[in-house]
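My notes follow in the order I took them.

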Amino acid sequence: MTTNPEDSLAEVGDVPPSTLPASRADKIGHRFLEVRDLRVHFPTDDGIVKSVDDLSFGVDRGQTLGIVGESGSGKSVTSLSVMGLHKKGTARISGEVLLDGENLVGASEERVRGLRGKRMAMIFQDPLSAMHPYYTVGSQIIEAYRIHNKVTKQVARKHAIDMLDRVGIPNPKSRADDYPHQFSGGMRQRAMIAMALSCDPELLIADEPTTALDVTVQAQILDLIRDLQQEFNSAVIIITHDLGVVAELADDIMVMYAGRAVEYSTASEIFNSPQHPYTWGLLRSMPRLDRERTARLVPIKGTPPSLINVPDGCPFNPRCPHTALTGGASHSEVPVLRDLGHGHRAACHLSAADRARLWNDNEGQTSG
Ligand SMILES: Nc1ncnc2c1ncn2[C@@H]1O[C@H](COP(=O)(O)OP(=O)(O)O)[C@@H](O)[C@H]1O
Ligand code: SF4
Ligand SMILES: [Mg+2]
């Protein structure tokens, strides 16, 4: 522990500003999860896959961070890194993952395993990957609960049934004895949420929790995550390829492209004053209530780059219609994530005037 006040000041000064949207700047150094300069590379026969590069973000308890980006942008690799779930020897990981101040990068597997469940839990994109097919749903929740709570099987079973009830599973007492394949997709997702939440985790990461579900069930699952967060005051990260999913839930949003953060700010800034051409693309391809019904939805042209051969300069340059305005910089210099004011961060070479003009023109086109 630090006793010298000068040392503790030095610690505060060490926090990279890029992890702190302005609204949270007062909590400098106190964020429950603080990820700094995370880099995750996978050596493969075809070359090094740079899945995550120089990523810094954070979230407090009681708050929700949305991480948004198309498929392949590094969202799941990021969440597996936080949870310490990459298979040993497959990934080269550097940077810091500070959970309540404790760095998990380089911590022993045993230590990180001990934190999973109670301090941090994850809802996976595919519930079948998180559940064992040969054990009943109830027994898996009981097992997860008993790892962290010294209680009898009966007490744990009652808790599991309560949790299944909380997540809206009808007849939880009898459904607890069903196997995962006997549940529908939506029910399986709920059961996995029950399992993830059974130990009241302080950090919950939900990786595309609604992707496979129909719209009504999606809304119910998101409500459920919100209710449970309020009840347990958890820090929540919701990962999605769809900005619409986090529109109402997130306090902050980080937009990822090709393994990097390209824009990071409060949700209201991202929706009302987006600053990056990629975010504009995501917004234009998403139906919005505040737009005329006739507004066109415009998908982003092209596909994300290979993370083995990321283009020189800005990784978005092959798909960006505005490169001509940057005097060649889009093709030669990697834009850094920089503060544009109010803690709103974006990584783009466009001038402030060009960004303002382009976004206004763009809004004019899509709301007409
Ligand atoms: N174990 C691995 N080995 C090699 N490449 C991987 C591995 N896991 C993920 N990747 C690659 O990392 C990139 C990011 O993947 P991912 O984080 O799953 O994207 P997202 O969740 O945003 O869709 C992809 O190009 C993917 O192929
Ligand atoms: S840096 Fe250039 S290519 Fe990248 S988003 Fe900005 S204008 Fe587009
Ligand atoms: Mg994913």
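**Entry 1: a strand pair and its turn.** I began with β4 and β5, which pair in the antiparallel sense over two bridges. This is a predicted model, so I read everything below as computed. Across the pair, L99 stands opposite E102 in β5. β4 and β5 form a hairpin, and two residues lie between them. I then checked the turn. D100 sits in the loop between β4 and β5. D100 is not a glycine, yet its phi is positive, about 50°. Is D100 buried, exposed or partly exposed? I found 16 C-beta neighbours inside 10 Å, so D100 counts as partly exposed.

**Entry 2: ligand 1.** Next I listed what surrounds ligand 1. The shell has 14 residues, and the closest are F42, S51, K75, S76 and V77. Which element gives the most? It is α2, with three residues. By class I noted four nonpolar, nine polar and one charged residues.

**Entry 3: helix α2.** I stayed with α2 to see how covered it is. Nine of its nine residues are buried. The buried residues include K75, S76 and V77, which are also among the closest to ligand 1. T78, S79, L80, S81, V82 and M83 of α2 are buried as well. After the helix comes G84, whose phi is positive, near 65°.

**Entry 4: the eight-stranded sheet.** I moved to the other open sheet. It has eight strands, in the order β6-β7-β8-β3-β9-β10-β12-β11. Its pairing is mixed. The edges are β6 (120-123) and β11 (338-339). Each edge strand has a single partner, so one side of each is left without a neighbour in the sheet.

Entry 5: Helix α8 (residues 185-197) lies across β6 and β7 (203-207). α8 runs at about 175° to β6. The loop between α8 and β7 holds D200. D200 has a positive phi of about 50° although it is not a glycine. I checked its surroundings too. D200 has 16 other C-beta atoms within 10 Å, so D200 is partly exposed.

**Entry 6: a helix pair.** I then took α5 (residues 137-148) with α6 (residues 153-166). At what angle do α5 and α6 pack? The angle is about 115°, and the axes are 9 Å apart. The crossing is right-handed. From α5, the contact is made by G138, I141, I142, Y145 and R146. From α6, K153, A156, R157, H159, A160 and M163 take part. By class, the contact has six nonpolar, two polar and three charged residues.

**Entry 7: ligand 2.** Last, I listed the residues around ligand 2. There are 14 of them, and C314, N317, C320, S330 and C348 come nearest. How does this shell divide by class? I noted seven nonpolar, seven polar and no charged residues. For ligand 1, I had one charged residue in the shell.

Terms used
Residues are numbered from 1 along each chain as its sequence is written. Chains are lettered from A and ligands numbered from 1 in the order in which they are written. This is a predicted model: local features need pLDDT of at least 70, side-chain atom pairs count only at pLDDT 80 or more; totals for chains, interfaces and linings use all residues. Axes are lines fitted to C-alpha atoms, for helices over the stretch in contact, and angles run from 0 to 180 degrees between N-to-C directions. Helices (H or I, at least four residues) and strands (E, at least two) are DSSP runs, numbered from the N terminus. A crossing is left-handed if the near helix is turned anticlockwise from the far one by less than a right angle, and right-handed if clockwise. Two residues are in contact if their C-beta atoms, placed from the backbone, lie within 7 Å. Ala, Val, Leu, Ile, Met, Phe, Trp, Tyr, Cys and Pro count as nonpolar, Asp, Glu, Lys and Arg as charged, and the others, Gly among them, as polar. A residue is near a molecule or strand if its C-beta atom, placed from the backbone, lies within 6 Å of it. Two strands pair if DSSP finds at least two bridges between them. A residue is buried if 20 or more other C-beta atoms lie within 10 Å of its own, exposed if 12 or fewer, and partly exposed in between; C-beta atoms are placed from the backbone.
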